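Reader: Could you walk me through the terms used for this model, and show me what each one rests on?

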Amino acid sequence: MAASAIGWYGPLIDLADAASHIGSYVQLLVFVHTSRPIQRFKASNGGTLSRTDICVGDDTRLYFSICVWQKQMSAMIVAGNVVLIQNVKIVKFGGAVEATTVPSSSLLHLVHSHQLLASKGIEELLAQSKVGTRTKEKLKKVLSWVEATGSKLHRNNQSNISDREVQDKNWKVHEEKNHECRLISEVLDLAETCRAVFCGSIGEICMPFNMNIEGEFEVEKLFISKRLLMMGDCKIIDDLICSGCKLCGSPLDSELMEDRGPLYCDKSTNHLHDICSIYRPFLLYVWDQSAHIPLLVKNKAAEILFGNITAESIYECCKGRRRRPDFYKIWLILLKLLLQQGKNSPFKFEITVNCDRQSARFDLVTLIMPCYSTTGVSE
């Protein structure tokens, strides 16, 4: 195969040495374990970005992640092939070292999976490969490693698939316990991970995750009810809506994602984020005569809270991309109605209670407006 016309911007390295090349351009000769489906999302300039995450390995490191941003290159990658990926940048994100492609990156297929099966040996494959001496030496090491561990790698992949299939089939077995609570104080006393249902009134919406508080007066901007009273406050849409995953509700710029990394979505079957405009995670304070409780509200639950109006619809109306119906104005009216403290009717809340963490956390799942008969008893 012909060498890249662009040229090399860095050395050919072993994956085990990647950590010593952070911020530099390198060449990687690797075996492709897996290639995830192409993920598309909107760019800040209004365009569309394509991204594919692949898992590779070589004779020095079993697993290593590479983020591929070129659509054409993503379409060329096939699991089971040995490839030379040129001009990739080594980066560190969330404590993990990985590689990412740049516009000058390129990919060469050195050995296809069918060639590995049909060849008479490594020497035959090396003889067919038209690469330089240094590259051929690395290719020989990788092919020897694949030959020695190929069956084991195949069993591991099959085992992972089987585990996922079993998990998909048996997910109903691990249902959480449900607790019907009469008062919020009873919810606060729960000492196990479960789901809880209770009634309460909305008191406030707080934005703790996205704002830098610089002064005493800035603190008031954390509370949406105060923001709605401020004349000329046009930033409320920017503080409540951002780009993120509509499945797991994780924003792209949130510190909430640092503990597990932004590459994987725990709500997606393929672990890839579905990027669009979403509601930022916020705290919803709910109260009754016994106590008050802070509920973490992510994108899906926020849509239910705001009358099934999506963040994408609000953003398009606010930016003038959609005129009718004006979801932005409807959404502002709903916000004001929800935050009429002492005047709004109680809702029935369903939440998850997580007691596995150092401090209990309450996540909103859904809510409904209870129906009341003339005797005041919930129907």
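Author: Gladly. Helices (H or I, at least four residues) and strands (E, at least two) are DSSP runs, numbered from the N terminus. N87, for instance, lies in strand β6, residues 82-93. This is a predicted model, in which local features need pLDDT of at least 70, side-chain atom pairs count only at pLDDT 80 or more, and totals for chains, interfaces and linings use all residues. Residues are numbered from 1 along each chain as its sequence is written, and side-chain values use heavy atoms, with hydrogens and water left out.

Reader: How many helices and strands are there in the protein?

Author: The protein has ten helices and 15 strands.

Reader: Why is N87 called buried?

Author: Buried means under 20% relative accessible area, exposed over 50%, and partly exposed in between (1.4 Å probe, protein chains only). N87 has a relative accessible area of 0%, so N87 is buried. Its phi is near 60 degrees, a positive value in a residue other than glycine.

Reader: What makes N308 exposed?

Author: The relative accessibility of N308 is 61%, and therefore N308 counts as exposed. N308 sits in the loop between α8 (299-305) and α9 (311-318). Although not a glycine, N308 has a positive phi of about 65 degrees.

Reader: Why does T100 count as buried?

Author: T100 has a relative accessible area of 16%, so T100 is buried. This residue is found in strand β7 (residues 96-111).

Reader: What is the polar contact of the T100 side chain?

Author: A polar contact is a pair of N or O atoms within 3.5 Å; within protein, one must be able to donate a hydrogen and the other to accept it, and residues adjacent in sequence count only if both atoms are side-chain atoms. The side chain of T100 makes such a contact with the side chain of W69, at 3.0 Å. Contact in general means heavy atoms within 4.5 Å. Leaving aside neighbours within four places in sequence, T100 is in contact with C67, W69, V88, K89 and V91.

Reader: How do you know whether F349 is buried or exposed?

Author: F349 has 0% relative accessibility, so F349 counts as buried. F349 lies in strand β14 (residues 347-354). Not counting residues up to four places away in sequence, F349 touches several residues, including V197, F198, L284 and L367. The C-alpha atoms of F349 and V197 are separated by 5.6 Å, although the two are 152 residues apart along the chain.

Reader: Why do the buried residues of α10 line one face of the helix?

Author: The buried residues of α10 are Y328, W331, L332, L335 and L338. Seen down the axis of α10, they fall within an arc of 130 degrees (the arc of the directions from the helix axis to the C-beta atoms), so they line one face. The face turned away from the buried side carries the exposed residues K329 and I333. At the start of α10, a side-chain oxygen of D326 reaches to within 3.2 Å of the backbone nitrogen of Y328.

Reader: Where does pLDDT stay under 50?

Author: pLDDT is the predictor's confidence in each residue, from 0 to 100. pLDDT stays under 50 over residues 154-175, for which the model has one contact beyond four places in sequence. Residues 254-262 also stay under 50, and there the model has eleven such contacts. Where pLDDT is low, the predicted coordinates should not be read in detail. The protein averages a pLDDT of 77, with 73% of the residues scoring at least 70.
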